[in-house]
Amino acid sequence: MTRDLTVIIPCHNEATTLPSQLDALVTQDWDGDWDIIVVDNRSTDDTAAVAERYVGGPVPIRVVTADERAGIAYARNSGVRHTDARSVAFCDGDDVVLPGWTAAMGAALEHEPLVTGTLDGRHLNEDWLARSRPMGCADALPRFGRVPFARGNNTAMHRSVWAELEG
């Protein structure tokens with residue numbers, strides 16, 4: 001059976017922050033069929049062991065290893081290659097999704113092939129760092145100058161979009 005959505009979390013040395021993200025995700029409520037893939041990308045800490053502790057919980061979770069090379073894009077793409085879900089969503093192991101995130105992404109994907117959300121950079125970052133990051137707005141893609149982009153840490157897309165973009 002093909003799932004509706006797989007949430008992919010690329011991780012490199014996220015053992016201390018990953019529990020907050022996984023705690024937030026496993027309490028999400030959505031009627032769709034979804035799961036989580038944690039991608040361990042060359043971690044030298046206990047990232048994989050931390051993720052394994054969540055396997056068998058309320059949301060199906062798999063831990064995969066992506067160690068051929070380092071990099072968040074490589075880790076995200078490795079996660080996508082480990083699922084046959086119709087859509088994929090990306091968040092990071094050092095962030096925390098808000099309640100309703102999975103349902104919002106799932107609902108938005110019913111109407112759009114690529115979606116992203118706003119960020120609250122103040123909650124987990126020091127003020128100086130939060131001020132250096134554009135947070136965007138709720139009704140449009142964030143922009144880098146004039147170029148719109150989808151945030152890697154808060155984005156979802158149909159699998160066909162991922163294939164069209166070649167990862």
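Helix α1 (residues 18-26) lies across β1, β2, β3 and β4 and runs at about 170° to β1, where axes are lines fitted to C-alpha atoms, for helices over the stretch in contact, and angles run from 0 to 180 degrees between N-to-C directions. Contact here means heavy atoms within 4.5 Å, and helices (H or I, at least four residues) and strands (E, at least two) are DSSP runs numbered from the N terminus. The model is predicted, with local features needing pLDDT of at least 70 and side-chain atom pairs counting only at pLDDT 80 or more, while totals for chains, interfaces and linings use all residues. Residues are numbered from 1 along each chain as its sequence is written, and side-chain values use heavy atoms, with hydrogens and water left out.

**The sheet**
- Six strands form an open sheet in the order β3-β2-β1-β4-β8-β5, with mixed pairing, two strands being paired if DSSP finds at least two bridges between them.
- Because β3 (61-65) and β5 (114-116) stand at the edges with a single partner strand each, one side of each is left without a neighbour in the sheet.
- Neighbouring strands of this sheet are turned by 20° against each other on average, direction ignored.
- Strand β8 (residues 154-158) pairs with β5 in the antiparallel sense over three bridges, and M157 in β8 is the bridge partner of L114.

**Helix α3**
- α3 lies across β1, β2 and β4, running at about 150° to β1.
- Seven of the 10 residues of α3 (residues 72-81) are buried, so this helix is largely enclosed by the rest of the structure; buried means under 20% relative accessible area (1.4 Å probe, protein chains only).
- The buried residues of α3 are Y74, A75, R76, N77, S78, G79 and V80, and they pack against β1 (5-11), β2 (34-40), β4 (87-91) and α6 (159-164).

Technical notes. Buried means under 20% relative accessible area, exposed over 50%, partly exposed in between (1.4 Å probe, protein chains only).
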